[in-house]
Each structure stands twice: as C-alpha cells, then as structure tokens.
Amino acid sequence: MKFENRIYSRAEMREQEIDTSDFAIMTEAEEVEGTLVLKADARNQMLRLFFVLSDGRKILTPVFWWQRSAGFYDLTVGRKYRLTYVPGKDGYAKLGTAIQEGD
C-alpha cells in the first residue's frame, strides 16, 4: 500500500486497517539508509515514522514532541534518508538526524 505524504491519525490507521506489526523499534545506535513509508500520530503529542531500510528491515521510529524542531515532522513520505540513530536511556535507539539522500 502506498501512503500519502501526511500524518495519519490513529483513528484512520484503525479504520483503514493499516497493519504495522512487522515494524520494530531500532535497538542499536547506527547510521543507515531508509525510505520513509508512513507517518502517523501517536499518544502524548508524539509521531511515529515508519522506514524500510536498505537492508530490508522495517523500523518504527517514535518522535517525541520535544524533537519537533529537528524537522522530523516535515520528512517526506517516499523519500530516502540517511538516518542516524543514537543511544537512548531506555535501551532503544533514538533518531538523531535524518538527511535526505541526494542533498
């Protein structure tokens, strides 16, 4: 399924039966290339970004409200990005930077 370049609400995700169960949260800090396939709301003013990485992994990336100034809300669905994940305090890696490929 191809998604529009917008943020889907949680209600839309349920209504359209969009299954994201095969996406996992990044656990290792690393730099990877990935294509953004979907953006969706989450609880507590958070955003979820869904990437398919160049090695085929499907990654769910939570973006917190305090990361809004990093530009993650403005990423474009369908574009490739160089993603840098940094260590988080909870054992999961957090998105540090997302640079559009070809820039």
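1. Basis of the model. The model is predicted, so local features are given only at pLDDT of at least 70 and side-chain atom pairs only at pLDDT 80 or more, while totals for chains, interfaces and linings use all residues. Residues are numbered from 1 along each chain as its sequence is written, and side-chain values use heavy atoms, with hydrogens and water left out.

2. Overall fold. The chain has 1 helix and 7 strands; helices (H or I, at least four residues) and strands (E, at least two) are DSSP runs numbered from the N terminus. Read from the N terminus, the order of elements is β-α-β-β-β-β-β-β. The radius of gyration is 13 Å, close to the 13 Å of the globule rule for 103 residues, so the chain is as compact as a globular protein of that length. This radius is taken over C-alpha atoms, and the rule is 2.2 Å times the number of residues to the power 0.38. Along the principal axes, the C-alpha atoms fill a box of roughly 35 × 30 × 25 Å.

3. Of the 103 residues, 37% are buried, meaning under 20% relative accessible area with a 1.4 Å probe and protein chains only. Among contacts (heavy atoms within 4.5 Å) with a separation of 6 or more, 53% join residues 24 or more positions apart.

4. Pairing around strand 6. Strand 6 (residues 80–87) pairs with strand 3 (residues 31–41) in the antiparallel sense over 5 bridges; two strands are taken to pair if DSSP finds at least two bridges between them. Within this pairing, Gly34 has Tyr81 of strand 6 as its bridge partner. Strand 6 also pairs with strand 7 (residues 93–100), again in the antiparallel sense, over 7 bridges.

5. The hairpin. Strands 6 and 7 form a hairpin with 5 residues between them. In the turn, Gly91 has a positive phi of about 90°.

6. Gln67. This residue is found in the loop between strand 5 (58–63) and strand 6. Gln67 is buried, with a relative accessible area of 7%. The side chain of Gln67 reaches the backbone nitrogen of Phe64 at 2.8 Å. Apart from neighbours within four places in sequence, Gln67 is in contact with Pro62, Phe72 and Leu95.

Notes. Buried < 20%, exposed > 50% of the residue type's maximum accessible area, 1.4 Å probe, protein only. Polar contact = N/O pair within 3.5 Å; in protein donor to acceptor, adjacent residues only side chain to side chain.
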